Amino acid sequence: MGEVKRGYVRPLDLKHGCVDLTHGSGGRSMVQLISELFAKYLGNEYLGQGNDGAVLPAPTFNGRPGRIVMATDSHVVSPLFFPGGDIGCLSVHGTVNDVAVMGATPLYLAAGFILEEGFPLGDLARIVESMAAAAKEAGVPVVTGDTKVVERGKGDGVFITTTGVGVLPDGLDLGGSRARPGDVILVSGSLGDHGVAIMSKRENLTFEATIESDTAALNGLIAAMLATGAGLRCLRDPTRGGLAATLNEIAGQSGVGMMLYEKAIPVKPVVAAACEFLGLDPLYVANEGKLVVICNALDAELLLNAMRAHPLGRDACFIGDVIADDHHFVQMTTAFGGKRIVDWLAGDQLPRIC
Amino acid sequence: MKYVDEFRDGELAQNLARSIAATVEAGRNYSFMEFCGGHTHAISRYGLSELLPPTVRMVHGPGCPVCVLPIGRVDLAIRLTLEQGVILCTYGDTLRVPASDGLSLMKAKARGGDIRMVYSTTDALQIARDNPGREVVFFAIGFETTTPPTAVAIQLAAAEGLKNFTVLCCHVLTPAAISNILESPEVRQWGTVPLDGFIGPAHVSTVIGSRPYEFFAEEYRKPVVIAGFEPLDVMQAILMLVRQVNEGRAEVENEFARAVTRDGNLKAQDRVAEVFELRREFEWRGLSVVPYSALRIRAKYAGFDAERRFKLDYRSVPDNKACECGAILRGVKRPQDCKIFGTVCTPENPIGSCMVSSEGACAAHYSYGRYKDMH
């Protein structure tokens with residue numbers, strides 16, 4: 001009989017191994033999964049405390065106490081890996097952005113994983129590694145987490161819920177109810193990239209140029225915009241429902257109307273082509289690394305310059321005006337020269353038949 | 001985007017708008033029906049009516065595939081999935097068409113029906129190949145545009161000996177619908193629906209050609225201009241219709257010459273004729289029972305006919321009493337004339353089928369144009 005190494009624990013088999021029910025049962029397997037996978041990639045002093053919750057210093061802003069902003073977002077994207085990203089980095093970006101668009105500096109993240117029995121451990125490692133890289137780049141550590149395993153058929157591989165906490169200086173308010181007639185509407189870059197990247201992967205469509213998701217953390221861009229001192233009214237990241245849903249939301253909250261100029265709205269030719277093909281309208285397609293900005297018209301130039309100086313805002317531009325309208329319609333002057341409403345979507349966008 | 005932007009050019013649109021304005025005769029009203037939902041969609045989405053003089057009125061026609069699908073047909077599809085456990089493959093916007101008992105295919109899916117959205121009949125065939133132990137039914141709807149792909153799917157399934165694939169055929173015919181409108185008392189006897197001409201279908205005409213419309217131009221003295229689905233196509237067609245009316249002509253003209261010929265796609269027509277035959281009658285939403293207006297699968301391909309395999313028994317179900325879809329599909333009423341438009345009936349909770357697809361007159365007006373009713 002060969003020599004048995006003392007204290008040796010066979011490591012997780014990331015090549016051939018799969019998630020099984022023991023990984024969620026609270027025993028050694030779970031501890032091993034946490035230490036060899038989650039702690040390995042995401043580790044930091046708070047996560048390393050190893051307690052049921054993370055103990056964190058009270059947040060301050062420039063040395064003064066601020067208000068706490070908290071946001072949560074569940075990620076169920078399919079496919080899990082797509083051009084330009086995966087569910088791991090997406091789950092970091094989504095929540096960091098939800099905190100940052102409030103004007104807050106994102107500080108910490110919590111992550112909850114629901115894993116399906118049979119999910120390859122190698123894929124899980126790729127996802128967690130991507131999450132760690134995104135958290136590092138955004139400068140927002142994952143300080144606490146949770147893992148559950150559900151039986152095969154009761155999940156879709158991996159679901160990730162992340163919760164973010166940030167600090168907001170006193171006096172700053174970027175809520176959706178602050179848009180006023182006369183304000184202008186800006187976007188930080190081309191629309192529809194994320195949704196079309198996902199759809200073309202789902203439908204197995206290939207185009208001459210790959211369409212990559214725009215998934216990115218926007219806290220750096222937002223910090224640069226806030227530093228200008230410009231008269232920002234509200235910020236949003238136009239995720240599900242795209243630009244159309246975001247603007248309808250703000251129009252309703254603020255009790256105003258909007259007028260968009262179709263010619264000014266940036267959509268990449270390859271995204272526009274894919275939308276034609278799939279029967280989608282890019283205004284309703286999700287983005288994961290774009291900002292919609294409503295600001296005082298006088299400060300638009302200042303903000304656009306600050307945005308264009310940041311890599312995530314290079315293509316920032318003006319797309320429309322906030323107007324007075326008792327019906328709170330978002331309207332658009334079409335490139336064709338007519339006018340129409342840009343309404344809420346009833347449900348999912350469904351392709352037309354002919 | 002190449003080959004698309006050229007047909008959406010704002011400056012050309014302004015030029016055409018000026019030409020139309022200069023061509024209409026003072027004191028004369030023009031009413032044109034765009035038969036197709038594709039045209040309805042283009043008119044609404046690009047805000048085209050703003051570019052037309054007030055004396056030119058566009059009347060929306062019945063050429064929206066999901067709009068003319070009667071409740072009873074959707075009920076058949078729902079029964080197949082919920083009671084017989086088949087995998088039902090369907091095109092996207094059919095999912096939300098209201099059926100009996102407050103159901104739709106979307107709601108039936110939530111109740112456990114295995115309903116899959118497909119982009120083409122090829123997807124449906126693949127699902128059948130991948131699930132040999134399950135019955136797979138393709139819910140075939142649409143006008144002549146979607147009929148040839150269904151015919152090809154049936155022929156492929158026959159050649160492969162695919163035993164678990166069938167088609168619930170609800171394909172309908174454009175000329176029959178146009179005749180029905182032209183024969184309706186509102187147009188023919190009472191004249192309550194003035195119709196000075198038609199914008200003829202785009203994609204349908206690529207298949208059937210321009211010849212079938214010659215009869216309408218001759219018999220009913222109505223000009224027809226076949227037009228593509230891009231907004232400039234529609235503007236150009238309107239200009240051509242105005243000219244015909246002014247000159248007292250009633251001819252078939254082809255604006256969409258880049259895709260439509262007089263004879264159409266003969267190969268596609270052959271495939272359709274090989275697989276399908278005329279139904280004696282078919283119920284349409286809005287037009288009620290129209291003789292010889294739809295297709296069914298020939299006996300030779302009976303094995304691929306879901307109605308035969310599952311012994312389906314069609315039951316007609318009346319529309320909601322308050323719903324004006326019927327009158328709207330015939331051009332007798334406008335969406336905003338319906339009492340429940342925008343109140344009880346919205347795209348979120350459509351009561352009538354015209355509120356479902358963005359090709360439907362009601363959904364198009366609600367989603368793109370209802371600001372005009374309020375200001």
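**Notes on a predicted two-chain model**

1. Let me start with one residue, Phe318(A), which counts as partly exposed because 17 C-beta neighbours lie inside 10 Å, whereas a buried residue would need 20 or more. Please keep in mind throughout that this is a predicted model. Phe318(A) belongs to strand E13 of chain A, which covers residues 317-323. Once neighbours within four places in sequence are left aside, the contacts of Phe318(A) are Val184(A), Leu186(A), Ala264(A) and Ala300(A).

2. Now to the domains of chain A. The assignment gives domain 1 as 21-168 and domain 2 as 184-341, and their C-alpha centres lie 27 Å apart. Across the boundary, 21 residues of domain 1 of chain A are in contact with 21 residues of domain 2 of chain A. On the domain 1 side, two or more residues each come from helix H2 (87-100), strand E6 (105-116) and helix H3 (121-138) of chain A. H2(A) supplies the largest share of that side, 8 residues. By class, this side of domain 1 of chain A divides into 13 nonpolar, 7 polar and 1 charged.

3. Chain B deserves a look as a whole. This chain holds 16 helices and 13 strands. Its radius of gyration is 21 Å, which agrees with the value near 21 Å for a compact globule, because chain B has 375 residues. Along the principal axes, the C-alpha trace of chain B spans about 65 × 45 × 45 Å. Buried residues account for 53% of the 375 residues in chain B. If we take the contacts in chain B between residues at least 6 apart in sequence, 76% join residues at least 24 apart.

4. The domain assignment of chain B reads as follows: domain 1 is 71-172 + 294-309, and domain 2 is 325-366. The C-alpha centres of these two domains of chain B lie 26 Å apart. Here 4 residues of domain 1 of chain B are in contact with 5 residues of domain 2 of chain B. The domain 1 side of this contact in chain B consists of 2 nonpolar and 2 charged residues, with no polar ones.

5. Helix H6 of chain B is worth a moment of your time. H6(B) runs over residues 147-160, 14 residues in total, and reaches 20 Å from first C-alpha to last, close to the 20 Å expected at 1.5 Å a residue. Its buried residues are Thr147(B), Pro148(B), Thr150(B), Ala151(B), Ala153(B), Ile154(B) and Ala157(B). As a reminder when viewing that list, an α-helix has 3.6 residues a turn, so residues three or four places apart point the same way. Just after H6(B) comes Gly161(B), with a positive phi of about 70°.

6. Finally, the interface between the chains. Here 38 residues of chain B are in contact with 24 residues of chain A. The elements of chain B that give two or more residues to this side are helix H1 (10-23), helix H2 (37-45), helix H15 (361-369) and helix H16 (371-374). Which element gives the most to the side of chain B that touches chain A? That is H2(B), with 4 residues.

How values were computed: Residues are numbered from 1 along each chain as its sequence is written. Chains are lettered from A and ligands numbered from 1 in the order in which they are written. This is a predicted model: local features need pLDDT of at least 70, side-chain atom pairs count only at pLDDT 80 or more; totals for chains, interfaces and linings use all residues. The expected span of a helix is 1.5 Å times one less than its number of residues. A residue is buried if 20 or more other C-beta atoms lie within 10 Å of its own, exposed if 12 or fewer, and partly exposed in between; C-beta atoms are placed from the backbone. Two residues are in contact if their C-beta atoms, placed from the backbone, lie within 7 Å. Domain bounds come from an automatic or database domain assignment. Ala, Val, Leu, Ile, Met, Phe, Trp, Tyr, Cys and Pro count as nonpolar, Asp, Glu, Lys and Arg as charged, and the others, Gly among them, as polar. The radius of gyration is taken over C-alpha atoms; the globule rule is 2.2 Å times the number of residues to the power 0.38.
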